[in-house]
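Here is a short walk through one structure, starting with a helix and ending with a strand. The sequence and the model are shown first.

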Amino acid sequence: MSFPQWQCPGAKPLAARSPYAYHARVTPSPQAIQTISTAWETIRERYGAYTIALPGVPTFHCQPHLCDAHCCRAFTVNLGDAEVQRMRAASGLAPARFLESEHGEPIALPLAQPYILARRDNHCALLDASLGCGQYEGRPNACRLYPHFLLFFDSTTARPVHGDIAAIQRAIGDLHAGNPFEHLVPVLVRHVECPGFTGAPMTEADWLALVDETFSLQFPAA
Ligand code: SF4
Ligand code: SF4
């Protein structure tokens, strides 16, 4: 079955919005790749659902016919206010039409991303019959991010870090500038249950663009 790429649940263009466009490097330094590989070896046992994504691994192409759109079935998707507004603008639908709602009002949980994408029959309500995303243009950040994710490994504590946004930004900046990492090492990982990694080996430039795109989606306010 052919699948329209523009509706693919996990498709993600590599035209990254890089905040580091004026730095010198468009490919990572060999030292950075070595440091990232070493960091992953230290933490990999904690991330059984993920494996590292480095230059040279197969390029990702969403192929929902291989997995019956696994990600749209397996995961419940949370959204923040900005994502709800983007989805509303793109779809022309009232939020109660695409969010879990009660009495016509979206349910808001006490979370940073308080809203939940509506589900029907054990999958996202927006998954269409041909396994495409029914609201591709407005889809949430989690859907744009999947199946990649950035971890930030603190080499001084040998633990992943989540909240130190300034240090996380510096780590991405060091990657672009070719500087040694201060103490945080960015590690790009991919979900092992996604079967979409079947393309040509990823170039170093595409890998760096993917890091930027993933960073932008994980930290949209950074
Ligand atoms: S699991 Fe991967 S291949 Fe399957 S629909 Fe999701 S992103 Fe696409
Ligand atoms: S909005 Fe729903 S159908 Fe679209 S990609 Fe996300 S989970 Fe899949």
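On one side of helix H4, Asp 81, Ala 82 and Ala 89 are exposed. This is a predicted model, and what follows is read from its coordinates.

The helix spans residues 81-91, and its buried residues are Glu 83, Val 84 and Met 87. These three lie on the same side of H4, because the arc they cover around the axis is only 100°. Asp 81, Ala 82 and Ala 89 belong to the other side. What do the buried residues of H4 pack against? Their partners are strand E3 (78-79), strand E6 (115-116) and helix H5 (141-145). Just after the helix, Gly 92 has a positive phi of about 75°.

The next residue to look at is Arg 139, which sits in the loop between strand E8 (123-124) and H5. Is Arg 139 buried or exposed? With 20 or more other C-beta atoms within 10 Å, a residue counts as buried; Arg 139 has 25, so it is buried. Leaving aside residues up to four places away in sequence, Arg 139 touches Cys 133 and Arg 144.

Strand E12 covers residues 197-201. Of its five residues, the number buried is zero, so the strand lies largely in the open. E12 is joined by two bridges to strand E2 (residues 58-60), and the two strands run antiparallel. In this pairing, Phe 60 has Phe 197 of E12 as its bridge partner.

Methods: Residues are numbered from 1 along each chain as its sequence is written. Chains are lettered from A and ligands numbered from 1 in the order in which they are written. This is a predicted model: local features need pLDDT of at least 70, side-chain atom pairs count only at pLDDT 80 or more; totals for chains, interfaces and linings use all residues. A residue is buried if 20 or more other C-beta atoms lie within 10 Å of its own, exposed if 12 or fewer, and partly exposed in between; C-beta atoms are placed from the backbone. Helices (H or I, at least four residues) and strands (E, at least two) are DSSP runs, numbered from the N terminus. The arc is that of the directions from the helix axis to the C-beta atoms. Two residues are in contact if their C-beta atoms, placed from the backbone, lie within 7 Å. Two strands pair if DSSP finds at least two bridges between them.
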